Amino acid sequence: MPLIELKGESAGYRGQTVLSNLDFSIEAGERIALVGESGAGKTTFLRLIYERSGANAALVPQEFGLVQALTVFHNVYMGQLHCRSIWRNLHNLLRPRRDDVAEVEKVVEKLRLGDKIFAGVGELSGGQQQRTAVGRALYHPGDLLVADEPVSSVDEHQAQEILETINGEKNTVVIAMHDRALAIQFSDRLIGIKSGEIALDVSAAGMKPSDLDSLYQVGSS
């Protein structure tokens with residue numbers, strides 16, 4: 001059985017339809033990249049997948065969704081906040097437990113944030129904040145990771161590292177990507193969104209960035 005299956009459905013927000021005639025399914029183990037122009041509906045598509053997936057999905061929103069007044073540890077720990085007791089969560093807010101710190105440390109070290117684990121998120125650069133948001137999703141116990149431009153604030157080398165880590169840690173991945181080359185490199189399936197509909201759904205194998213030109217206006221990157 002597919003993790004998610006939609007047939008002829010629509011999606012939007014504030015009563016406005018953004019996507020229509022959605023026919024697709026997602027199988028466990030797939031690495032899917034969403035591509036298309038800004039405003040095409042990729043974020044709405046991701047939101048729909050996330051909402052239909054329930055507790056099995058971890059999310060990296062485009063705006064990060066971090067608590068600026070708390071540390072990297074606390075923000076990453078939030079990935080398991082929903083499956084821990086209230087007492088344990090309160091304890092970690094005031095005095096982090098050694099075992100939980102050790103768990104979170106393993107995650108942030110993979111994202112090169114080990115030396116920032118107790119730094120306030122508000123003190124971090126944009127790229128470090130984005131890596132913190134990715135860390136929170138990786139710490140989430142769900143098998144599915146849904147991410148909206150998760151490497152937009154880092155350089156190309158860091159982007160490669162982050163995407164490799166995501167694919168290595170999560171069984172199923174659905175990511176909206178602006179960089180076409182990275183989308184092709186780190187996915188096995190490409191879904192292209194144009195004019196509020198799925199205009200492309202193909203294997204990433206053998207694809208080139210120029211093969212996606214039809215999803216963009218002439219001259220756009």
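Which residues form a nonpolar patch on the surface, and about how much accessible area do they have together?

Reply: This is a predicted model, in which local features need a pLDDT of at least 70 and side-chain atom pairs count only at pLDDT 80 or more, whereas totals for chains, interfaces and linings use all residues. Residues are numbered from 1 along each chain as its sequence is written, and side-chain values use heavy atoms, with hydrogens and water left out.

The patch consists of Ile 86, Leu 90, Leu 93 and Leu 94, which together have about 460 Å² of accessible area. Such areas come from the Shrake-Rupley method with a 1.4 Å probe, and for residues only the protein chains shown count as cover. Patches are made of residues with over 30% relative accessible area and no salt bridge; like charges are joined within 9 Å, and nonpolar side chains (Val, Leu, Ile, Met, Phe, Trp, Tyr) within 5 Å. Leu 90 belongs to helix H3, residues 86–94. Helices (H or I, at least four residues) and strands (E, at least two) are DSSP runs numbered from the N terminus. Leu 90 counts as partly exposed because its relative accessible area is 46%; buried means under 20%, exposed over 50%, and partly exposed in between (1.4 Å probe, protein chains only).

In soluble globular proteins, nonpolar side chains tend to be buried together. The largest nonpolar core here has 46 residues, and those with the most contacts inside it are Val 104, Val 151, Ile 166, Met 177 and Leu 212. Its largest share, five residues, is supplied by helix H5 (residues 126–139). Apart from this core lies another, of 21 residues, including Ile 32 and Ile 49. A nonpolar core is a set of buried Ala, Val, Leu, Ile, Met, Phe, Trp, Tyr and Cys residues joined through side-chain atoms within 4.5 Å.

Charged residues complete the picture. A salt bridge is a side-chain nitrogen of Lys or Arg within 4 Å of a carboxyl oxygen of Asp or Glu, and by this rule there are 14. One of them joins Arg 97 and Asp 100 at 3.2 Å, N to O. Arg 97 is partly exposed, because its relative accessibility is 29%, while Asp 100 is buried at 0%. In another, the closest N and O atoms of Glu 161 and Arg 112 are 3.1 Å apart. This pair links distant parts of the chain, 49 residues apart: Glu 161 is in helix H6 (residues 156–169), and Arg 112 is in the loop between helix H4 (98–110) and H5. Salt bridges with shared partners also join Arg 84, Arg 88, Arg 97, Asp 99, Asp 100 and Glu 103 into one network.

Glu 30, in the loop between E2 and strand E3 (31–35), is buried, because its relative accessible area is 17%. Its side chain makes a polar contact of 3.0 Å with that of Arg 189, and reaches the backbone nitrogen of Glu 27 at 2.8 Å. A polar contact is a pair of N or O atoms within 3.5 Å; within protein, one must be able to donate a hydrogen and the other to accept it, and residues adjacent in sequence count only if both atoms are side-chain atoms.
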